[in-house]
Amino acid sequence: MLLANALIMWAHLIAASIWVGGSIFIGIVLAPLLKTFSDSVEGRLSIMISVGRRFNMIGVPSLIVLILTGIYNSVGIIEKPSMILDTNYGIVLFIKIILVIVLIIIFAIHVRLIRTEVEKKIETQSLSGEHLQKLRSKIIMLGRLTVIVSIVILLMAALLHSGV
């Protein structure tokens, strides 16, 4: 059982590394670098969407692994619901669960915002400049929120691990 728990925690940490590390890389490294690849907003958005879709091929499974292993890791607390609001551990876990739900909502909005037909409009330059700027602003805001919420979730995980 100890080996199984260690492997599940390992999977949780690997998935967190992929999700959070990839999100940070895209937001902090790739996004600013795109200005050197393309002068047009459409070109930068097309590259970012393409990279985002590629990242989602490993990011989404990682997020699913995170959720499943997180549920497994917290099953002892969840079995005794009174512990959720009666202990510091339970409160931190509750906050972490709420943040994970918020993260999923932000991610779903982000994915919905850059659906295939929007991507085609960007590539064919059939969006007005104003609409394109609004779309770009929303994508940037949602990306930043994803990174911030993911980092705060990691903080909650560290607090849980430390036995707060």
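## A buried tryptophan

Trp19 is buried, with a relative accessible area of 2%; buried means under 20%, exposed over 50% and partly exposed in between, with a 1.4 Å probe and protein chains only. The structure is a predicted model, in which local features need pLDDT of at least 70, side-chain atom pairs count only at pLDDT 80 or more, and totals for chains, interfaces and linings use all residues. Residues are numbered from 1 along each chain as its sequence is written, and side-chain values use heavy atoms, leaving out hydrogens and water.

## Aromatic pairs

The whole structure holds 2 aromatic pairs (ring centres of Phe, Tyr or Trp, the latter by its six-membered ring, within 6.5 Å; planes under 30 degrees apart are stacked, over 60 edge-to-face, the rest tilted). Trp19 and Phe55 form a tilted pair, because their planes stand at 40°, with centres 6.1 Å apart. This pair joins helix α1 (residues 2–37), which holds Trp19, to helix α2 (residues 41–73), which holds Phe55, across 36 residues. Helices are DSSP runs of H or I with at least four residues, numbered from the N terminus. Phe55 is buried, at 14% relative accessible area.

Trp19 and Phe107 make an edge-to-face pair, 5.3 Å centre to centre and 75° between the planes. Phe107 lies in helix α5, so the pair with Trp19 in helix α1 ties together parts 88 residues apart in sequence.

## Helix α5

Besides Phe107, helix α5 (residues 88–113) supplies 9 residues of a nonpolar surface patch.

How values were computed:
Helix = DSSP H or I, 4+ residues; strand = E, 2+ residues; numbered from the N terminus.
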